[in-house]
Amino acid sequence: LTQVRQAGLVELLALIRGVTLLADAGYQGLSAQTAGAVLTPRPARRRNQIPIFPAVAAAHEAERRAHASKRIRVEHGISHLKNWRALSRHLGRRE
């Protein structure tokens, strides 16, 4: 998050309209700074919180799962690139 701010991406995302980024929970709070351009999952419900209605809890979890299902494609792509890089280092030249 600090590096995103230092690189000037926060100001850039606030200026450009129509761009939406899906981010993980590490970027909480960035949505308010970028005028809603960064979408982060809602924080998970803690065990010591006051119990909420079951319908609200189910909607909350459904929203978190929908966000995760959109982001999983990106996460798999990143892990594939990292895995390929690791293999190429140990197995020699890949063609």
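In this predicted model, Leu9, Leu12, Leu15, Ile16, Val19 and Leu21 form a nonpolar patch on the surface, and their accessible area together is about 510 Å². Helix 2, which spans residues 9-15, gives the most to this patch, with 3 residues. Leucine 15 lies in helix 2, and this residue counts as exposed because its relative accessibility is 68%, above the 50% cut-off for that class.

Read from the N terminus, the elements follow the order α-α-β-α-β-α. The protein has 95 residues, of which 13% count as buried. Among contacts between residues at least 6 apart in sequence, 29% join residues at least 24 apart.

Which residues make up the largest nonpolar core? This core has 7 residues, namely Val4, Val10, Leu13, Ala23, Leu30, Ala37 and Val38. One of them, alanine 23, touches Val38, Leu39, Thr40, Pro41, His67 and Arg71, when residues up to four places away in sequence are not counted. Val38 is also touched by serine 31, as is Gly36, with residues up to four places away in sequence again left out. Serine 31 has its place in helix 3, residues 30-33, and counts as partly exposed because its relative accessibility is 26%. The C-alpha atoms of serine 31 and alanine 14 are separated by 9.4 Å, while the two residues are 17 residues apart along the chain.

The charged side chains come next. Side chains of opposite charge can pair when their charged atoms come close. A search of the whole structure finds 2 salt bridges. In one, the side chains of arginine 42 and glutamate 63 meet at 3.3 Å, N to O. This pair links distant parts of the chain, 21 residues apart: arginine 42 is in the loop between strand 2 (38-39) and helix 4 (54-91), and glutamate 63 is in helix 4. Arginine 42 is partly exposed, with a relative accessible area of 40%, and glutamate 63 is partly exposed as well, at 41%.

A salt bridge also joins the side chains of arginine 71 and glutamate 75, at 2.4 Å, N to O. These residues are separated by about one helical turn, because they are 4 residues apart in helix 4. Are the two partners buried or partly exposed? Arginine 71 counts as buried, with 15% relative accessibility, whereas glutamate 75 is partly exposed, with a relative accessible area of 32%.

Technical notes: Residues are numbered from 1 along each chain as its sequence is written. This is a predicted model: local features need pLDDT of at least 70, side-chain atom pairs count only at pLDDT 80 or more; totals for chains, interfaces and linings use all residues. Side-chain values use heavy atoms; hydrogens and water are left out. Helices (H or I, at least four residues) and strands (E, at least two) are DSSP runs, numbered from the N terminus. Buried means under 20% relative accessible area, exposed over 50%, partly exposed in between (1.4 Å probe, protein chains only). Contact means heavy atoms within 4.5 Å. A nonpolar core is a set of buried Ala, Val, Leu, Ile, Met, Phe, Trp, Tyr and Cys residues joined through side-chain atoms within 4.5 Å. Patches are made of residues with over 30% relative accessible area and no salt bridge: like charges are joined within 9 Å, nonpolar side chains (Val, Leu, Ile, Met, Phe, Trp, Tyr) within 5 Å. Accessible areas come from the Shrake-Rupley method with a 1.4 Å probe; for residues, only the protein chains shown count as cover. A salt bridge is a side-chain nitrogen of Lys or Arg within 4 Å of a carboxyl oxygen of Asp or Glu.
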